[in-house]
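Hello,

Here is the structure I promised to pass on to you. Please have a look at it first, and then read my notes below.

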Amino acid sequence: MAAANPAKMLLAELTCSMCLDYFKDPVYLDCGHNFCQACITQCWEALSTNFHCPECRETFSQRNFKPNRQLRNIVEASRKLTRESTKEPEVERVCEKHQRALDVFCQENQTPICLLCHLSRDHREHTVVPIEVAAEDYKAQIQSRLETLKKEREEILSFKLSGENKSQELLKELESEKQKIVSEFQQLCQFLKEQERLLLAQLEELNQEIEKRRDEYVARLSEEISSFSSLVSEMEQKCQQPAREFLQDITGTWSRCQREKFQNPVAFSSDLKWRIWESSQRNASVETIMKKFKDSLSSRQQLDKVHVTLDPDTAHPELVLSADRKSVRRGDTWQALPDNPERFDTELCVLGCEGFTSGRHYWEIELKEGEVCIVGVARESVSRKGDIDFNPEQGIWAVLCNEDRYWALTSPDDLSPLSLSRAPRRIRVYLDYERGQVAFFDAGTGDPIFTFPPASFAGERIRPLFSGPLLFVSFSSLPGPCS
């Protein structure tokens with residue numbers, strides 16, 4: 001007696017006796033037999049009692065069956081094994097219409113055809129080439145494209161590394177700012193502890209935002225890298241295929257090779273830098289509070305005091321400088337002075353000798369009552385000849401003082417008077433070069449007059465500026481001639 005075939009025995013155990021196919025959602029009855037759920041449901045559909053097993057005929061009083069998950073898993077595994085074991089070896093592709101070898105490639109239809117197809121009415125007028133020639137041509141084109149794809153993949157990898165490095169720089173800068181805040185808060189009294197907590201919480205929120213953007217950026221690039229790697233792998237495998245198989249759906253293959261060049265997304269926009277800068281500004285305000293508790297406003301700024309003197313080479317010919325160059329007034333006549341490039345020839349202006357390219361500085365100016373003047377700072381490159389617009393766009397940050405009213409010269413179209421409780425006769429000009437900040441204070445009370453929005457001085461020298469149709473200004477105990 002011949003031994004039973006194990007494969008057939010396994011197949012019998014995995015086959016439903018009702019539909020004679022693999023079990024689908026198998027369930028088992030109380031008698032132990034298994035059926036497809038749909039098969040047993042259909043069998044019992046017309047019954048209301050005496051539900052019998054289709055295999056052993058055992059009868060049950062209730063419609064009762066339970067899912068057999070283990071059998072379902074075994075069936076699925078067996079189906080996969082069966083498909084793999086019965087997979088037929090690849091055979092040479094032939095023309096479906098004539099059952100002949102695909103020997104030529106139709107250039108118009110972009111598809112392999114046999115010689116009979118070439119002679120037929122559909123392809124008779126078309127240009128054809130030997131299939132090996134067509135395959136070599138397309139392989140060369142795809143190989144060329146492959147190099148481009150690989151280079152783009154490397155470029156994306158560099159984007160990823162650059163983004164990660166940038167995030168580390170931002171996080172280090174953030175950590176440095178955090179430590180600075182902690183260090184300064186340790187010098188404050190107990191009531192400032194709450195301010196410390198709020199600032200650190202804001203920094204931590206920004207820290208999480210940077211890390212979140214970094215993760216999103218890296219995830220996006222990783223996804224693109226995976227996509228390019230899959231495409232490269234597919235194209236490499238495609239190029240290893242025989243010519244006839246290789247040219248099947250060559251149009252689709254070529255289309256996938258021509259995917260758009262990856263556009264590197266912005267990983268870290270300038271708003272993060274700006275928010276870190278805002279944090280440093282809030283920290284700077286904490287410094288101000290700390291120093292105000294330690295001493296008065298004037299002593300707080302004494303380390304930054306500048307000995308400003310006036311530069312005669314820049315003074316308009318109608319302006320008269322004192323012998324010590326600490327004050328300036330408008331004269332009655334036009335002085336015979338050389339028209340050198342540094343001198344203002346139209347506007348009644350004069351610059352301070354001192355120029356600043358770093359640090360924090362301040363100087364004080366006394367105004368004669370009833371005089372009209374402009375005080376502030378200007379870039380070294382500010383125009384000296386002809387009419388001048390006094391605003392930041394032209395390189396001047398200044399306020400206009402006219403008796404009991406003040407204006408911030410932000411633009412020619414915005415000359416709204418500043419709201420001040422009193423018109424100070426002594427003004428303190430404050431310059432923070434690194435932060436690009438120019439501010440004006442009442443030197444007597446320390447009250448703010450106006451602060452310009454942050455600017456970028458870009459390494460250019462910044463100098464004190466004085467101007468006005470009626471002008472008499474002097475410096476408060478700030479001696480020192482021009483060098």
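How many residues lie between E16 and E17 in the hairpin they form, and which residue in the turn has a positive phi? Before the reply, please keep in mind that this is a predicted model. There are four residues between the two strands, and Gly 436 is the one in the turn, with a positive phi of about 65°.

E16 covers residues 426-432 and pairs with E17 in the antiparallel sense, over six bridges. Within this pairing, Asp 432 of the chain sits opposite Gln 437 in E17.

On its way onward, E17 also pairs with E18 (residues 448-451), again in the antiparallel sense, here over three bridges. Ala 439 has Thr 451 in E18 as its bridge partner. E17 and E18 form a hairpin too, with five residues between the strands, and in that hairpin Gly 446 has a positive phi near 85°.

E17 itself, residues 437-442, is mostly covered, with six of its six residues buried. In a regular strand, side chains alternate between the two faces of the sheet. Both faces of E17 are covered: Gln 437, Ala 439 and Phe 441 are buried on one side, and Val 438, Phe 440 and Asp 442 are buried on the other.

Finally, a word on the cysteines. The count of disulfides is zero, with a cut-off of 2.5 Å between sulfur atoms. Cys 257 is in no disulfide, as the nearest cysteine sulfur, that of Cys 239, is 7.5 Å away. Cys 257 is buried, with a relative accessible area of 0%, and Cys 39 is buried as well, at 14%.

Best wishes

Conventions. Residues numbered from 1 in each chain as written. Predicted model: local features only at pLDDT ≥ 70, side-chain atom pairs only at ≥ 80, totals over all residues. Heavy atoms only, no water. Buried < 20%, exposed > 50% of the residue type's maximum accessible area, 1.4 Å probe, protein only. Pairing = 2+ DSSP bridges.
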